[in-house]
Amino acid sequence: MTSTPNSAGFASSSPSTLRVPWLIALGVAFWFLAAMMVRFIGPFVFVEGSITLVLTFALTIPMAWAFFWLGKTLSGARGSDVLPAVSILTFVALCLDGIALTWFRELYGPTYAYGGPWIMWGAGLILMVALLRTQRRR
């Protein structure tokens, strides 16, 4: 089977449905959703020394699977396009999180010190899920 570059420049063995502008928009939306979760539920879950902090990080593991599936489904990525698609989406979210933590901490509210890193934790998990799913299919 030969691979040809798709519209995003990634190797693909089938016609690609990968759309970079759509992936960027999804990355923005996913980050904003997570940022608003930090802002509004953060004071209840991101409490130093509380079991809720540990539980929130632990519960992010299954959430990463859900966000992976949602990103894969909404982007229309299939086969070898999945890892690049999820990587673009997650890259955008991580960049926005870094910008917000540096210059716009008030967006996250008072729990930015735990909420911002929680977003990074979730993004890393989503990338790991994408990598594991891609490796499993080979």
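**Exercise 1. Find the contacts of T56 outside its own stretch of sequence, and decide whether T56 is buried or exposed.**

Step 1. Leaving out residues up to four places away in sequence, T56 touches V45, F46 and W118; contact means heavy atoms within 4.5 Å.

Step 2. This is a predicted model in which local features need pLDDT of at least 70 and side-chain atom pairs count only at pLDDT 80 or more, while totals for chains, interfaces and linings use all residues. Residues are numbered from 1 along each chain as its sequence is written, and side-chain values use heavy atoms, with hydrogens and water left out.

Step 3. T56 lies in helix α2. Helices (H or I, at least four residues) and strands (E, at least two) are DSSP runs numbered from the N terminus.

Step 4. T56 counts as buried because its relative accessibility is 14%. The cut-offs are under 20% relative accessible area for buried, over 50% for exposed, and partly exposed in between, with a 1.4 Å probe and protein chains only.

**Exercise 2. Trace the polar atoms around T52.**

Step 1. A polar atom of the T56 side chain lies 2.6 Å from the backbone oxygen of T52.

Step 2. The side chains of T52 and S50 are joined by a polar contact of 2.8 Å. Such a contact is a pair of N or O atoms within 3.5 Å; within protein, one must be able to donate a hydrogen and the other to accept it, and residues adjacent in sequence count only if both atoms are side-chain atoms.

Step 3. S50 is in the loop between α1 and α2. With a relative accessible area of 23%, S50 is partly exposed.

**Exercise 3. Describe the chain as a whole.**

Step 1. The secondary structure consists of four helices and two strands. Read from the N terminus, the order is β-β-α-α-α-α.

Step 2. Of the 138 residues, 38% count as buried.

Step 3. Among contacts with a separation of 6 or more, 71% are between residues 24 or more positions apart.

Step 4. F32 lies in helix α1 and is partly exposed, at 44% relative accessible area.

**Exercise 4. Identify the nonpolar cores.**

Step 1. A nonpolar core is a set of buried Ala, Val, Leu, Ile, Met, Phe, Trp, Tyr and Cys residues joined through side-chain atoms within 4.5 Å.

Step 2. The largest core has 16 residues, of which A64, F68, V82, V86 and I126 touch the most other members. At least two residues come from each of α1 (20–45), α2, α3 (82–103) and α4 (112–136). Helix α3 gives the most to this core, with five residues.

Step 3. Another core, of 14 residues, lies apart from it and includes W31, L53, A93 and I119.

**Exercise 5. Locate the nonpolar patch on the surface.**

Step 1. W22, W69, L70 and L74 form the patch, with about 390 Å² of accessible area together. Accessible areas come from the Shrake-Rupley method with a 1.4 Å probe, and for residues only the protein chains shown count as cover.

Step 2. Helix α2 (residues 51–75) gives the most to the patch, with three residues. L74 lies in this helix and counts as partly exposed, at 37% relative accessibility.

Notes. Patches are made of residues with over 30% relative accessible area and no salt bridge: like charges are joined within 9 Å, nonpolar side chains (Val, Leu, Ile, Met, Phe, Trp, Tyr) within 5 Å. A salt bridge is a side-chain nitrogen of Lys or Arg within 4 Å of a carboxyl oxygen of Asp or Glu.
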